[in-house]
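Please look through the structure below with the sequence at hand.

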Amino acid sequence: MSPKVNLRLDEAYQIRDKGIADFQNKNYNNAFYNFNKSKILSETVKDSSNIVYNLIQMASIQQINGDYYGSKETLTEALPFVKKKDVFTVSINNFFGIADKELSLYNDAIYYYNEAIKDAENNVSKFSPLNNIAVIYIEQKKYKEAIQILESILKEKQISKQSKARVLDNLGFAYFRIGNNEKGLALMNEGLKIRTESQDLYATIASNLHLAQFFSKTDIKKSNEYAEKAYEIATKLHSIDERLKALSFLISNDSDSQNAYAQKFIFLNDSIIKIRNNFKNKFAKIKYDSKKEKAENEKLRLEKAENLVALKEAENEKIIFIAAFTILLFLLAYLKKHYDNRNRMEKIKTAYDTETRIAKDIHDGLANDVFHAITYTQTQPLTNENNKDNLLEKLDDIYSRVRGISRENNNIDTGANYPNNLKEMLSTYNSSQTNVIINGIDKVNWDAVEDLKKIAIQRVLHELMVNMKKHSEAAVVSITFNSNSNSLFIDYSDIGKGCEKSKIIKNGLQNMENRILAINGTITFDTEPNKGFKVKITMPK
């Protein structure tokens, strides 16, 4: 058992002991409050035994103060906590019987007394419910049944003095009611003697009242003496019910103080109704307040639990967020590294491809042309003006092509000089065999076009011009630029050999497509044999 549970158990028992002390001192309100508080604490640690004990004490206090219906509700509350037939079930059923007896529900009372007898572990535990059944039989004028029960109790050796005195008094009263006055008086006197000797003052009230009734028909003076004695003791013990019973005898006996007794009776009767109603309200309020407090505590406990759950969830979410963020950072770092590696590899590949292409261009074109120029100078006399002009033309062509290769691989200026540089690059492909016509380049707002797109345009157009030079043998090349607020359009066409679409050489063209697609543009090729070559480029600015 945890230390926290032990602390609550100790607290519950300490408060219960306070209730017992208040009960013995007849501080019924405090006693009821403490028993109820002890019961609630016991519920938190599921101490069924202490819960039942406290509820029985609360029901007893309610019965002492005339709240019989309230006591039955309290006893009913105890039933779910009773786990087996024991002394508690005997006590509960006995108190149920007492409540129903006082409410004149005699058959119900007898049922509960019999249930108490069934649950009794020994004969001693049976004495109280058996005696109570006999008392009901006397009320129902079933005197023989009452006498039979009471005499059977007297035969028991384990009977205590207190129980014996009660049985003797009730047995004597039963004999008196069937007309056996001599035996009845002897038994009642014996019971009173035992009660007086044991100083059981409260019990002597019942003996004196029985004797007052016994003498009410034969000796008014003695009847009044016993009634006055009962009234005196009841007054001393603050037992209002017994005071009222004693006063009723004094009034009915036509004593000299009949009027005074009647006034006392009326005053006491009115007072007891008021007092008991107050007690009922107080007991009900104590239970209501405790239930309300319990409900509020339960609500606070649930709210606290919900807050703890929310905090835990928030903490978990925070952990998940941090973990996810950490994973994301690692992922981004990995992707960046992968991207950097890929870019590095692409740069290496691009550099290699560029070097390969330059080498190929130099080898396939310039090297042969330079070789032919050198051979020309060795075989042809340069003193001849025509030979000299041919050589200069060849050298000029070689120079232009060197500049073209240089421009192709240099960094591209995307600033204010971009359109002029682009136009100059395209114009280098003008020759005696090819006329390059450029339209609309100055009408485009190149400042609105992104730098990456400018680079892509120049690279693609350069590749188109190289492709034209190698394959088309075009006499005329037309490049037209158009734009609107969002897009840029470039139309290329040449009047060259053309070819079957299925036979388009894909290497250079594939590079063009990749460049245009990378900037979210589109490029289409259109060609047929002897009908030239057309390209349409569209891209966002």
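Which residues in H8 meet which residues in H9? The model is a predicted one, and in it Tyr143, Ile147, Leu150, Glu151, Ile153 and Leu154 of H8 meet Lys164, Val167, Leu168, Asn170, Leu171, Ala174, Tyr175 and Arg177 of H9. By class, the residues of this contact divide into ten nonpolar, one polar and three charged. Helix H9 spans residues 161-177, and its axis comes within 9 Å of that of H8, with a crossing of roughly 150°. Angles over 145 degrees count as roughly antiparallel, and H8 and H9 are therefore roughly antiparallel to each other. The crossing of H8 with H9 is left-handed.

The axes of helix H7 (residues 123-139) and helix H8 (residues 143-154) come within 8 Å and cross at roughly 160°. That angle makes H7 roughly antiparallel to H8. The crossing of H7 and H8 is left-handed. On the H7 side, the contact is made by Phe127, Leu130, Asn131, Ile133, Ala134, Tyr137 and Ile138. On the H8 side, Tyr143, Glu145, Ala146, Ile149, Leu150 and Ile153 take part. Eleven nonpolar residues, one polar and one charged make up the contact of H7 with H8.

S4 is joined to strand S5 (residues 533-540) by six bridges, and the two run antiparallel. Ile523 stands opposite Ile537 in S5, and the bridge partner of Thr527 in S5 is Phe533. S4 and S5 form a hairpin with five residues between them, and Asn530 in the turn has a positive phi of about 65°. The side chains alternate along S4: those of Ile523, Phe525 and Thr527 point to one face and are buried.

Two single residues remain, both earlier in the chain. Leu103 lies in the loop between helix H5 (87-102) and helix H6 (106-119). Its relative accessibility is 22%, so Leu103 counts as partly exposed. Leaving aside residues up to four places away in sequence, Leu103 touches Tyr68, Tyr69 and Lys72. The C-alpha atoms of Leu103 and Tyr68 are separated by 7.4 Å, although these residues are 35 residues apart along the chain.

Gln57 is placed in helix H3 (residues 48-64). Is Gln57 buried or exposed? At 15% relative accessibility, Gln57 counts as buried, because the cut-off for buried is under 20%. With residues up to four places away in sequence left out, Gln57 touches Phe23 and Phe35.

Terms used:
Residues are numbered from 1 along each chain as its sequence is written. This is a predicted model: local features need pLDDT of at least 70, side-chain atom pairs count only at pLDDT 80 or more; totals for chains, interfaces and linings use all residues. Side-chain values use heavy atoms; hydrogens and water are left out. Axes are lines fitted to C-alpha atoms, for helices over the stretch in contact, and angles run from 0 to 180 degrees between N-to-C directions. Helices (H or I, at least four residues) and strands (E, at least two) are DSSP runs, numbered from the N terminus. Angles under 35 degrees count as roughly parallel, over 145 as roughly antiparallel, 65 to 115 as roughly perpendicular and the rest as oblique. A crossing is left-handed if the near helix is turned anticlockwise from the far one by less than a right angle, and right-handed if clockwise. Contact means heavy atoms within 4.5 Å. Ala, Val, Leu, Ile, Met, Phe, Trp, Tyr, Cys and Pro count as nonpolar, Asp, Glu, Lys and Arg as charged, and the others, Gly among them, as polar. Two strands pair if DSSP finds at least two bridges between them. Buried means under 20% relative accessible area, exposed over 50%, partly exposed in between (1.4 Å probe, protein chains only).
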